[in-house]
Structures are given as C-alpha cells and as structure tokens.
Amino acid sequence: MLTRLPGRVDQGLRTLSRSWPVRPLAEPPAGSGLAAVRGDQGLPLLGHTLDYIRFGSDLGRERYARLGPVSWMGAFGTQVVVVAGPDATQAVLANKEKAFSQDGWTFLIDAFFHRGLMLMSFGEHLMHRRIMQEAFTRDRLAEYVSQVAPRARSGVGAWSTEHPVLLYPLLKELTLDIATEVFMGGRGGEDTRAINDAFVATVRAASSMVRFPLPGTRFRAGVRGRRVLETYFYEHLPAARSGAGRDLFAGLCQARTTDGDKFSDQDVVNHMIFLMMAAHDTSTITTAAVTYFLAKHPEWQDRARQESLALGAEPVDIDALDRLNTLDLVIKESLRLVAPVPLVMRKTVKPAEVEGHFIPNNTLVAVAPAVNHFDRACWSDPDDFDPDRFGPDRAEDTSHRYAWVPFGGGAHKCIGMHFGVLEVKAILHEMLRTHTWTVADGYRVRWDNTSLPVPVDGLPVQFHSLADAPA
Ligand code: HEM
C-alpha cells in the first residue's frame with residue numbers, strides 16, 4: 001500500500017514536513033544559560049505521525065540535520081522531545097541525574113504490557129532486573145539455544161523453493177514457534193494457535209491510533225488478547241513453578257538473587273507477556289533484514305555460508321554459533337541500517353538538561369538510536385552496506401559509546417540482546433546451510449513504520465535448495 005504512493009506525493013509530504021513554523025517548546029529558567037528546545041507541531045493532532053510512518057528514521061535524520069540533537073515535534077497527540085546523536089543519547093540513556101523515567105513507554109503500551117521490565121523505573125526496575133538476569137545467564141542461554149536449533153531446522157526445511165515466498169510472515173510463524181518452545185517449554189502446545197492470536201492482537205494494539213477500547217478497534221482486541229494471555233500463563237504457572245524446566249517461564253519462576261529476592265506469581269505473568277513481545281518482533285525484523293541484505297550482497301552470503309558449512313550438519317550449540325564471525329558482522333550491520341526499535345521512550349520526572357537544552361518536567365522524550373547509526377561523525381559512508389566496518393581493523397562502532405545502539409544503553413539496555421542475536425544466528429545458519437536465496441532484480445525493500453519497521457510487501461524471496469546446486 002505504502003509503496004504505491006507516487007513520487008510526487010512523497011515529495012509533497014517531505015516538503016510539508018519541513019514547512020511548519022519552528023518555535024520554542026518552553027522558555028528555559030531565567031539565568032540558567034540553557035537554550036530552548038526548538039521544533040514544530042506539524043499537522044493539528046496528528047503532528048508528524050504520517051511523515052514518520054512514511055519515512056521512519058529518515059525523518060529523524062532530516063530533523064537532526066536541521067534542528068540539532070535536541071528538538072521537539074507533535075506526535076501521538078502530544079508534544080515529544082526527540083533526542084538524537086551520540087552525546088545527547090548518552091545524556092538521556094545514562095541518566096546520571098535520574099531525570100528520565102520509563103513512563104514514556106507506559107504512555108504508549110501500558111494497557112497491554114503492564115509491569116513489564118521496560119515499564120519500570122529506578123529502584124524497582126533495578127530489583128526486578130537483578131532477578132530476571134538469573135534467567136539470562138550463559139548456562140541458561142545455552143539451554144535455550146539447544147531448543148531453538150531443532151525448531152529452526154524443521155521450520156526452514158519446510159519453506160518452499162518452487163516459487164518466491166513472502167519471507168516476513170514465514171519468519172514470524174517460525175519465531176512464534178520457537179518462542180512457544182523456548183519460553184514455554186512446549187507447555188500448552190494444544191493452545192498455541194489461540195495464544196498466538198492473542199499475542200498478535202496485543203502487539204498490534206500497541207501501535208493503534210485509537211487509544212480507547214472502542215468496539216471493533218485494535219485497542220479493544222489488544223485488551224482482550226492481554227486477558228487471554230494472563231489466563232493462559234496463570235493456568236500453566238503451577239507446573240512451571242514446581243518443575244525443574246529449562247525454559248524461560250520456568251527460569252523466571254526459579255530466579256533468585258543472592259539476597260533471596262524472587263518474583264511473585266503476578267510478576268512472572270507480567271514479565272512473560274512483556275518478554276514475548278520484546279523478543280518476537282525484534283528478532284523477526286532482524287532476521288528479515290539480514291536475509292534481505294544477504295540477497296542483495298551475494299558475496300557476503302557466500303562468505304557467511306562457508307562458515308556455516310564448516311560447522312557440519314549437527315544441530316548447533318551456543319559455542320558453534322559464537323564461531324560464525326561473518327554472520328556477526330552482517331547482523332551488526334543490518335541492525336545499524338534497520339534498527340528494529342527506532343525510538344526509545346522516556347518521560348522527565350524533573351526539569352532536565354540535555355546538550356545545553358532545557359526540557360521541562362513531565363515531557364515525553366523519544367531517543368532515536370537509528371539516527372546515530374547514520375551519523376557521519378561516527379561512520380564512513382553510512383548509507384552503504386559494509387559489514388567490515390565492524391571488523392577489528394576499523395571498529396567504527398567504537399567511535400563513540402553511543403554510536404551503535406540498536407539495543408539501547410544504560411540501565412535499560414536490552415536484557416535479551418545475547419539471546420536475540422543467538423536466535424537470529426541459529427535461523428540464518430540453518431538457512432545458509434541448506435539454501436541460497438535471491439530477491440528480484442532491482443528490488444528494494446520498503447519498511448512500514450506504523451509500529452516497529454516491517455517490510456511493506458512481506459519481503460518476497462526466492463530460495464534455492466543447496467542440494468540442487470551444481471557441484
Ligand atoms: C534483535 C533483537 C532485539 C532488539 C533490537 C532489542 C532492542 C531493545 C531495546 C532498544 C531496548 C531498550 C529499551 C529502553 O531503553 O527503554 C530493549 C529492552 C529490552 N529488551 Fe530487547 N531487543 C531485542 C531482543 C530481545 C529479546 C530476544 C528479549 C527477551 C528474550 C528482549 C527483552 C528485552 C527486555 C526485557 C527489555 C527491557 C530491559 C530493561 O528495561 O531493563 N529483547 N530491547
């Protein structure tokens with residue numbers, strides 16, 4: 001749908017986006033020496049929602065170049081301060097003065113992901129994070145990988161090579177399947193379809209334009225989906241609590257800090273619902289982006305395949321995945337070019353200063369990691385696909401601590417980062433070991449930014465079985 005817009009409509013939207021009168025958000029306190037944050041409302045009510053959906057992080061890049069690292073815009077029916085560039089990102093995410101809470105997320109997704117780890121702030125967050133960390137140790141990750149690998153194998157093995165397939169929905173199905181295994185230990189397998197539907201409804205609702213449970217809306221479906229998920233997890237909780245299961249659900253039940261802190265039943269259920277959401281779309285988007293870039297750059301596909309074939313046909317374990325160095329470079333580059341979480345939300349709990357700008361109390365703040373990923377001060381030719389930029393000789397990602405931030409930074413840095421990359425690697429390893437793939441000549445994927453970026457057209461890919469390849 002988005003791709004069919006004629007070029008002149010895009011051009012008109014771009015011109016409109018830049019044409020609004022720029023004004024200060026709020027006057028800084030007299031004598032503070034701080035500058036006002038400058039920006040514009042955009043369309044009444046909608047603000048810049050439409051241009052964001054259309055242009056995604058390109059909108060952030062344009063505003064960063066024009067308005068600097070701290071600006072504001074109308075969005076989500078309110079005013080949002082947008083922070084971009086590595087120094088400003090560091091100021092917000094490192095949060096030294098404790099001026100930024102997670103309530104920026106609460107505003108958007110609390111109805112569905114109530115009391116997930118990412119929605120907690122300060123002392124309470126720290127306590128919950130310490131407990132959750134126990135479910136993400138390397139030993140635990142090794143167990144999860146041992147459950148991912150067979151699922152990846154059977155999933156990829158079933159994909160058609162007869163004609164082009166829409167990769168994105170296939171990957172979504174596969175990652176949901178993997179989640180049922182790794183997160184739930186296959187428990188409640190008979191309910192998988194209903195749970196998947198409920199889960200999809202909650203995720204879709206998070207990006208709903210309508211923010212009330214009116215009949216027929218995504219929001220209402222999401223609230224219902226949340227209820228289904230709660231019932232489901234509470235039903236399976238006693239078994240997860242009592243057994244010695246090695247899945248994530250059991251891991252959260254068993255997690256204890258050295259001080260003996262542990263999760264209540266309610267905590268476990270809330271965290272599970274959030275974790276499913278946090279893990280699912282992000283890993284799917286990353287796998288889709290890597291597949292796309294490898295199709296566009298067959299020399300990298302070949303290079304990655306050599307390493308996968310060298311591992312042999314045994315299902316991979318965590319140590320084997322760690323040896324796939326080329327895939328590591330490609331995944332990092334794909335996460336740079338297509339950051340699955342392009343905005344990280346915060347809200348001020350007191351007046352704050354970022355890069356000499358004054359942000360009033362109670363203001364929504366959106367940090368834009370995707371903009372940093374194209375900053376010419378950090379990256380050479382940032383629009384090019386060039387995985388070697390992450391190699392030891394160039395290490396462009398170390399040009400600034402906050403140059404490469406697909407997983408965020410500071411106290412809320414993604415707790416599932418290693419698991420996410422391992423899952424993406426396990427799927428791609430299986431794809432590389434068994435197939436080659438291409439996209440149509442001249443094809444360029446377009447990302448829909450209504451929620452997290454997803455390929456507008458489902459990403460058509462033609463797979464060829466390696467078994468059929470000439471020797
Ligand atoms: C490629 C995959 C992933 C990407 C790009 C990603 C990205 C992010 C980002 C940017 C944040 C920071 C949010 C903030 O600062 O407010 C975050 C937080 C989080 N992620 Fe991920 N994520 C990925 C995979 C996963 C997976 C697989 C899991 C779980 C198994 C997970 C669980 C979480 C949790 C629980 C948080 C909140 C951490 C906290 O607030 O302390 N993520 N993720």
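Residues are numbered from 1 along each chain as its sequence is written. The model is predicted, so local features need pLDDT of at least 70 and side-chain atom pairs count only at pLDDT 80 or more, whereas totals for chains, interfaces and linings use all residues.

Helices (H or I, at least four residues) and strands (E, at least two) are DSSP runs, numbered from the N terminus.

With 24 other C-beta atoms within 10 Å, I273 is buried. The cut-offs are 20 or more other C-beta atoms within 10 Å for buried, 12 or fewer for exposed, and in between for partly exposed, with C-beta atoms placed from the backbone. I273 touches F113, G116, L229 and F233, not counting residues up to four places away in sequence. Contact requires C-beta atoms, placed from the backbone, within 7 Å. E230 is 43 residues from I273 along the chain, and their C-alpha atoms are separated by 7.8 Å.

T287 also has its place in α12. T287 is buried, with 27 other C-beta atoms within 10 Å. Leaving out residues up to four places away in sequence, T287 touches L171, V424, I427 and L428. G243 is 44 residues from T287 in sequence, and the two are 33 Å apart in space, C-alpha to C-alpha.

In soluble globular proteins, nonpolar side chains tend to be buried together. A nonpolar core is taken as a set of buried Ala, Val, Leu, Ile, Met, Phe, Trp, Tyr and Cys residues joined through C-beta atoms within 7 Å. The largest such core has 126 residues. Within it, V81, V83, L252 and M272 touch the most other members. Helix α12 gives the most to this core, with 18 residues. A second, separate core has seven residues, including W379, A403, W404 and F407. L252 touches M132, A135, F263, V268, H271 and M272, not counting residues up to four places away in sequence.

Helix packing was examined for two pairs. Axes are lines fitted to C-alpha atoms, for helices over the stretch in contact, and angles run from 0 to 180 degrees between N-to-C directions. α12 and α15 pack at an angle of about 105°, with their axes 9 Å apart. These helices are therefore roughly perpendicular to each other. Angles under 35 degrees count as roughly parallel, over 145 as roughly antiparallel, 65 to 115 as roughly perpendicular and the rest as oblique. T286, A289, V290, F293 and L294 of α12 make the contact with V330, I331, S334 and L335 of α15. This contact has seven nonpolar, two polar and no charged residues.

Helix α13 (residues 298-310) packs on helix α15 (residues 325-337) at about 140°, with the axes 7 Å apart. That makes α13 oblique to α15. In α13, W300, R303, A304 and E307 meet N325, T326, L327 and V330 in α15. By class, four nonpolar, two polar and two charged residues form the contact.

Seven of the nine residues of helix α4 (residues 86-94) are buried, so this helix is largely enclosed by the rest of the structure. The buried residues are P86, A88, T89, Q90, A91, V92 and L93. N95 follows α4 and has a positive phi, near 55°.

Most residues other than glycine have a negative phi, and most peptide bonds are trans. N362 has a positive phi of about 65°. N362 is found in the loop between β10 (357-359) and β11 (364-367). With 11 C-beta neighbours inside 10 Å, N362 counts as exposed. Phi of L459 is also positive, near 65°. L459 lies in the loop between β14 (454-455) and β15 (460-465). L459 counts as buried, with 25 C-beta neighbours inside 10 Å.

Notes
Contact = placed C-beta atoms within 7 Å. Nonpolar A, V, L, I, M, F, W, Y, C, P; charged D, E, K, R; others polar.
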